[in-house]
Structure formats: structure tokens, C-alpha cells
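Dear colleague,

Please find below the structure that I am handing over to you. I would be grateful if you could read the notes that follow with the model open.

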Amino acid sequence: FYFLYKSRRRCLKPLKHLPLNPNPRPGKLFFLTQTGTSKALAQRLLDLLSSKNNIPFDLVDPHTYEPEDLPKESLIIIIASTWEDGNPPQNSKFFVNWLADISTDFRAGNLLLSDCKFAVFGVGSRLYGDTFNAVARDLGKRLRGLGATEMVPVGEGDVDGGELESVFEGWSEKVVTVLKGGLVMENENGIVYESDVESLESDDDDDGDGGGEDIVDLEDIAGKGPSRKKSVNVAETNGKLDGKREMVTPVIRANLEKQGYKIIGSHSGVKICRWTKSQLRGRGGCYKHSFYGIESHRCMEATPSLACANKCVFCWRHHTNPVGKSWQWKMDDPLEIVNTAIDLHTKMIKQTKGVPGVTQERLMEGLSPRHCALSLVGEPIMYPEINSLVDELHRRRISTFLVTNAQFPEKIKMLKPVTQLYVSVDAATKDSLKAIDRPLFGDFWERFIDSLKALKEKHQRTVYRLTLVKGWNTEDVDAYSKLFFLGKPDFVEIKGVTYCGSSATSKLTMENVPWHSDVRAFSEALALKSEGEYEVACEHAHSCCVLLAKTEKFKVNGQWHTWIDYEKFHDLVALGRPFDSEDYMALTPSWAVYGAEEGGFDPDQSRYKKERHHKSKR
């Protein structure tokens with residue numbers, strides 16, 4: 001049959017069948033995966049093909065496959081992830097490189113795979129711009145160049161767009177349709193399937209023009225014409241509402257809740273910190289207690305933005321949170337976020353009642369949070385109403401410790417005074433920063449430098465936060481010292497990376513975790529490079545963390561003043577007049593000072609050491 005155009009009466013290429021493979025050799029379903037997503041999708045497609053439609057396929061890891069056997073195949077399906085810089089995952093580099101080499105070898109020619117039919121689905125992130133699904137696109141091009149017949153166009157799934165599942169499902173259905181002998185038609189804009197044609201014809205029938213012309217426009221077929229989709233409810237739009245989707249999809253929500261997060265609205269979260277529970281039991285506070293005098297059992301860890309612009313190798317959330325380069329989601333009210341965060345936090349505090357060591361006095365104090373660490377996960381400064389949220393916390397006399405990942409310099413400039421502002425300085429050179437943070441922005445280094453410069457203009461307490469990863473950034477003392485003059489921070493926190501278990505998204509092992517002695521040595525070398533501008537002031541051995549402080553500002557008459565007078569800070573904020581970091585500093589206790597025998601452990605707390613029963617080796 002033929003399709004008629006409204007504006008010009010031409011015919012598309014005749015329809016043809018792509019029948020089931022007559023060769024008894026099963027098709028090959030390859031998965032090119034780094035984090036396991038592509039493998040999971042391939043497994044799902046295998047079930048759809050083999051179990052539900054009786055179409056035989058073998059699930060294949062390309063790492064175990066000999067590419068020279070490809071000319072023997074008659075059916076190939078590839079689910080391909082794109083990894084760093086548009087490269088293929090580790091398990092498929094040889095396979096992909098072989099295909100690239102053979103496709104440019106004149107001896108192979110363009111008929112090497114002429115007996116093969118194929119389909120490719122890409123898994124990537126649109127936030128990476130030009131490299132989005134680069135591997136899948138390249139595979140499709142290489143296979144076509146070798147004479148293989150493309151059954152369906154390359155599918156492109158976006159792991160950060162919230163629609164990966166639905167896109168893959170639709171693509172899979174078309175693959176099955178073709179393999180079961182469904183009609184397929186090619187045109188200059190792509191491939192049109194019988195099911196699509198029937199859908200378009202059905203839409204025309206519903207136009208309500210009493211019969212009219214039974215004509216389908218080519219622009220409608222190619223997806224360029226006006227949309228004829230009917231209105232759908234919110235539940236059917238993958239979280240989209242009024243043109244903007246919710247940041248936390250059901251899958252992301254399930255992953256984060258499994259890790260103990262309490263999700264607030266559509267983009268915020270709160271979680272009780274292990275140090276909060278520790279100090280509730282009188283077993284010691286976190287390094288912020290030692291360095292700055294916060295009461296760990298009265299600290300709430302939260303974020304108004306679960307999304308981030310980096311995918312750091314040491315991310316302790318294993319990349320289960322969303323990513324983004326700008327705010328593109330539905331936005332919740334800051335007052336509602338603060339109210340809900342406090343409510344959820346206090347409910348978690350109440351659950352510690354009756355736990356050994358938790359006294360009634362500390363429990364009651366914990367129910368009234370006095371500090372908020374806006375560093376839980378993601379990039380808090382991305383939230384458009386961050387200043388209103390900070391104002392709301394300060395109005396309740398809750399101090400604010402805000403961490404930013406140095407990719408939004410303009411946001412730093414616009415930020416109102418916070419108790420202490422951190423910038424993560426995860427590396428000191430462009431190449432190492434790219435390797436460690438895996439940023440989304442192409443101009444990540446320029447944004448990083450501008451963020452440090454923006455810090456210099458702040459009058460409140462500012463901090464460079466360095467995370468040392470052995471084998472990655474522990475040799476860059478000179479390069480780090482050169483960054484000091486850009487932001488002139490009040491403090492430099494140097495902390496060993498925390499190993500959070502194995503993850504397909506990270507290559508880190510326990511070998512990458514420095515000892516406290518390593519962190520001390522690095523800190524002392526860095527202080528020496530500053531030529532007296534900074535000195536080593538405090539340490540918290542349990543957290544493997546050391547603090548450098550500006551000597552001229554915070555060492556008064558030979559004594560360190562790294563602690564904070566929180567009541568004074570809130571009074572200064574309430575006055576609404578400019579103030580500086582010296583205006584609310586307080587004396588550091590002797591047990592927190594670098595080199596003290598307590599190692600930063602508060603002597604008023606009870607030190608607790610777990611007994612470890614290791615199996616004896618035979």
C-alpha cells in the first residue's frame with residue numbers, strides 16, 4: 001500500500017519484510033556496561049525476546065567474545081553505555097576498537113556484514129553534550145558501513161533525563177515487531193514501522209472532521225509535524241508537572257531511601273549523621289566539633305538540591321542522586337523544605353530514645369537542632385531559593401555550613417552570608433580535577449578557578465576542603481599551594497577519602513585511602529609551602545582530618561581561635577550590617593589543637609572502640 005501526502009503526491013519506498021532469522025544460530029545480544037545499567041536492560045530485552053516471543057538470543061559480554069566471529073552472525077543487538085569523554089566501558093574497549101579498525105580497513109570492504117541485521121540502543125547522559133551516546137551512535141555507523149542492515153534506528157536513553165525506562169521499552173517493542181516479521185519502511189528521515197503508521201491513521205480518524213481526507217503527511221510520519229498526543233495525567237509523564245519534571249524520579253527515590261535518606265518534596269533530602277548518633281550516646285563528635293565547636297548531636301545534615309554537576313570517583317552515594325548543569329526541575333518552597341527537614345530530623349532523633357548511652361538531657365538537646373550542614377549530597381547552591389532557605393535557618397538561630405563543588409561561581413557571588421562557606425578543592429590541576437570529579441561542564445576548570453576567586457570576596461568564614469585520594473591527588477602539594485592566593489580562604493580542611501565499598505562507578509579501593517599519618521605529612525608540607533600564611537591548627541584523628549588556619553587572623557597571642565561564637569554570629573546576622581569572620585571567632589580548646597595527645601577527641605566524651613573478631617588464618 002501507499003501513503004499519500006497532503007501537499008505533494010509522492011510515494012515512500014515500498015514496504016518490505018524483515019523476517020525472523022532462518023539461521024538456527026541464535027542472535028547475539030551484547031551489553032557494553034560500566035555500572036551495570038546496560039547489562040540490566042539487556043537482560044530485560046533477552047527475557048522479552050526469548051521467554052515471551054520465542055526468539056532465540058544469547059546474552060554476551062563483549063569482553064569474552066571474539067570480534068572476528070561477527071561475520072558469522074546474522075542477528076546482533078547491542079546495548080551500549082557511553083563512559084568518560086565519550087569512550088566505551090572497560091568491558092568492551094577491544095570489541096569497539098576492533099570494529100572501528102575493521103570498518104576503515106579497505107580489505108574488509110562494505111559487505112563484510114551484509115548478511116547481518118542489527119539494532120543498537122545507547123545508554124548515556126544528555127548533560128555531557130556532544131558525547132551523549134557517542135558509543136552507540138558510532139557503533140551504528142560502523143555496522144552500517146560494513147554492510148549490515150539496521151532493523152531500527154539507534155535508540156538513545158538518557159540516564160539523567162528520567163525517561164530511560166520508557167524510551168527503552170518503546171525501542172524494544174519495535175525490535176520485537178521487526179523480528180516477528182513486522183512491516184518496515186525506510187525513508188530519508190529514518191525508519192517508519194507499521195505500528196506507527198497505524199497509530200497515525202488512528203489519530204487522523206479521531207480528528208472529528210466527519211471523514212475528510214484519509215491522508216497522512218510525511219512531516220507527521222517523520223515526527224516533525226504538530227504533536228497529536230492527547231493530554232495525559234502527571235503519573236503518565238515520568239514526573240513531569242506543568243512542563244517541569246520532578247528531580248526525584250521513583251527509581252532515584254527508591255535508591256536514596258534504601259540508603260537511609262528522607263526525601264523532602266521533589267528535590268530535597270535529610271539524613272541523620274553517624275556522628276549525631278555518636279554524640280547523642282556520649283561517644284564523641286565529628287571533626288566540626290573539634291575544629292569549630294558545633295554540637296554534633298544538635299546538627300542536621302540536609303540539602304535543598306539532591307542534584308549535582310559532578311560525578312566524583314569518591315562519591316559516597318555511588319551516583320544514585322541526579323545530576324544537572326542548571327535548575328530544570330519543579331521547585332519547592334524554602335519554608336516548606338526547612339519545616340519538613342526539621343520535622344523529619346527530629347523524628348529520627350526520637351528513634352534513638354532507649355539506645356544505650358543516650359541520656360534524656362542529650363535527647364532533648366538533639367530535638368532542637370542548632371546547626372545545619374548543607375552538604376548531605378548534591379549541590380545545595382543550585383537551588384534557586386538558597387538565600388531564602390538560609391534566611392529561614394538563621395531566623396531560627398540555626399547555623400549554616402554550606403558546601404559547594406566549585407562549578408557555580410555566579411551563585412557563590414550572589415550567596416548571602418552563611419556561618420561557614422566551603423568550596424571543594426578535589427584536585428589542583430585541570431587533568432586531575434577532570435579525572436576525579438568527572439564534571440559535566442566542558443569549561444569546568446574555568447568555573448573552578450572563578451569559584452575560588454569568588455570566595456576571596458566573602459567576608460564570612462571560608463574554607464577550601466581537600467579530599468585526599470592516595471594515588472590520585474596526594475602528590476600535588478606545589479599545585480595546591482598555588483591555589484591559595486586565588487581564594488585566600490580562612491581555613492583549609494584536609495581529609496582522607498572515606499572508602500564506601502565497591503561500586504561499578506568508582507575504581508577506588510582501600511589502597512586509595514590514606515592513613516592519618518599521610519594526611520598529617522601532606523598538611524605540614526602544604527603549610528610549609530604557604531611560608532607562614534597558614535599553619536596547622538587542629539586535627540581529628542578519628543576522621544583522618546587536619547585543619548590549616550590563617551595565622552594572622554586566627555592565632556591571637558599564640559592561641560588558636562578556630563571555634564565559632566554561634567550566638568554572636570546570629571546577633572550579627574540579625575543586625576543586618578556587614579561583618580567579618582573575626583567578629584564571631586572563639587578560643588579553640590587545648591584538646592583540639594594540632595599535636596595534642598587527645599588527637600582532637602573531646603575528653604568530656606567517652607572513647608569507644610569496637611572489638612573486632614577476625615578469623616584466624618590457617
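The model is a predicted one, in which local features need pLDDT of at least 70 and side-chain atom pairs count only at pLDDT 80 or more, whereas totals for chains, interfaces and linings use all residues. Residues are numbered from 1 along each chain as its sequence is written, and side-chain values use heavy atoms, with hydrogens and water left out.

**The chain as a whole**

The chain has 618 residues, of which 52% count as buried. Here, buried means under 20% relative accessible area, exposed means over 50%, and partly exposed lies in between (1.4 Å probe, protein chains only). The chain contains 19 helices and 25 strands; these are DSSP runs numbered from the N terminus, with helices (H or I) of at least four residues and strands (E) of at least two. Among contacts with a separation of 6 or more, 75% join residues 24 or more positions apart, a contact being heavy atoms within 4.5 Å. The accessible surface of the chain is about 29500 Å², and carbon and sulfur atoms contribute 49% of that area. Accessible areas come from the Shrake-Rupley method with a 1.4 Å probe, and for residues only the protein chains shown count as cover.

**Salt bridges**

Side chains of opposite charge can pair when their charged atoms come close. In the whole structure, 28 salt bridges were found, each defined as a side-chain nitrogen of Lys or Arg within 4 Å of a carboxyl oxygen of Asp or Glu.

Glu-150 pairs with Arg-144 at 3.1 Å, N to O. Glu-150 is buried at 16% relative accessible area, while Arg-144 is partly exposed at 40%.

Glu-392 and Arg-396 form another salt bridge, with their closest N and O atoms 3.2 Å apart. Glu-392 counts as buried at 13% relative accessibility, and Arg-396 is partly exposed at 26%.

A further salt bridge joins the side chains of Asp-518 and Lys-470 (3.5 Å, N to O). Asp-518 lies in helix H17 (residues 516-529) and Lys-470 in the loop between strand S18 (461-468) and helix H16 (477-487), so this pair ties together parts that are 48 residues apart in sequence. Asp-518 is partly exposed, at 28% relative accessible area, and Lys-470 is also partly exposed, at 32%.

**A patch of negative charge**

On the surface, Glu-552, Asp-580, Glu-582 and Asp-583 gather in a patch of negative charge. Patches are made of residues with over 30% relative accessible area and no salt bridge, like charges being joined within 9 Å. Asp and Glu count as negative, and the place of the charge is taken as CG of Asp or CD of Glu. Asp-583 is in the loop between helix H19 (566-575) and strand S25 (585-586), and Asp-583 counts as partly exposed at 35% relative accessibility.

**Two asparagines with positive phi**

Asn-133, although not a glycine, has a positive phi of about 50°. Asn-133 is placed in the loop between strand S5 (117-124) and helix H3 (134-145), where Asn-133 is buried with a relative accessible area of 0%.

Asn-557 likewise is not a glycine and has a positive phi of about 50°. Asn-557 belongs to the loop between strand S22 (555-556) and strand S23 (559-560), and Asn-557 counts as exposed at 77% relative accessibility.

With kind regards

Key. Patch = residues over 30% accessible without salt bridge, like charges linked within 9 Å, V, L, I, M, F, W, Y side chains within 5 Å.
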